[in-house]
Amino acid sequence: MPSLRKWLFSGLLVLVPLIITLWVLEWVVSTLDQTLRILPTSWQPDQFLGIHIPGLGVVFALVVVLSIGALASNIIGNKLVSWWHALLHRIPVVRSIYSGVKQVSDTLFSEKGNAFRKALLVQWPHDGMWTIAFLTGAPAGEVLEHLQGMPGAGEHDEFLSVYVPTTPNPTGGYFVMLRKSACVELAMSVDEALTYIVSMGVIVPGGPKNVQLKVAADGAITSLS
């Protein structure tokens, strides 16, 4: 039984990451293949080739994105994009949704943006409990005035906008504003920090690959090795 248990876990350690990786890739490819449906029926590869070739949608989506990017980078395309933005901002309901999404995308994908450019160590959800967070920016305007006017704060205090992700799914989390002095900037990259979060602390950036806990008979942790 001990040998069977060992073989079972060894097999799972090999197969589970591979299966999940293949499943994610299959989902991405099949989703992007749906972009081919925007083409006329006679132009779709499945029609004139007679067979379905997985992955053509990925190539098509990449070509479309690159073409739009090339168009938006010249003077004429820039004017068209500006006209499109102005048109969407005139539609009442669409305006509020589009503006928020546009600001987030500009922050995330702009070369000048600072979203998720730094990993931080912050005390969350209370003092004495630490977690990994990401710098997203800095509060300004009315929000900053209120923060600097709070008890114990001054007009010269600096604050940071911080995203605290959840584990093991970092796509969910909390947006908080903290004093700059309460945030510790880490040397690890954002990718290393995300790996640290997703692995729930198992994979330590710059640390030993295998950290084993020595547990006493009563369940208490006695030491690390």
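Arg179 is partly exposed at 31% relative accessibility (buried means under 20% relative accessible area, exposed over 50%, partly exposed in between, with a 1.4 Å probe and protein chains only). Its partner in a salt bridge is Asp157, at 3.6 Å from N to O (a side-chain nitrogen of Lys or Arg within 4 Å of a carboxyl oxygen of Asp or Glu). The model is predicted: local features need pLDDT of at least 70, side-chain atom pairs count only at pLDDT 80 or more, and totals for chains, interfaces and linings use all residues. Residues are numbered from 1 along each chain as its sequence is written, and side-chain values use heavy atoms, without hydrogens and water.

**Salt bridges**
- The whole structure holds three salt bridges.
- Asp157, in the loop between helix H6 (141-148) and strand E3 (159-165), lies 22 residues from Arg179 in strand E4 (residues 173-179); helices (H or I, at least four residues) and strands (E, at least two) are DSSP runs, numbered from the N terminus.
- Asp157 is partly exposed, at 26%.
- Lys180 pairs with Glu158 at 3.8 Å between the closest N and O atoms.
- Lys180 is in the loop between E4 and E5 and Glu158 in the loop between H6 and E3, so this pair ties together parts 22 residues apart in sequence.
- Glu185 pairs with Lys118, with the closest N and O atoms 3.9 Å apart.
- Glu185 is exposed at 51%, whereas Lys118 is partly exposed at 37%.

**Ser199**
- Ser199 sits in the loop between helix H7 (190-198) and strand E6 (213-215).
- Ser199 counts as buried, at 13% relative accessibility.
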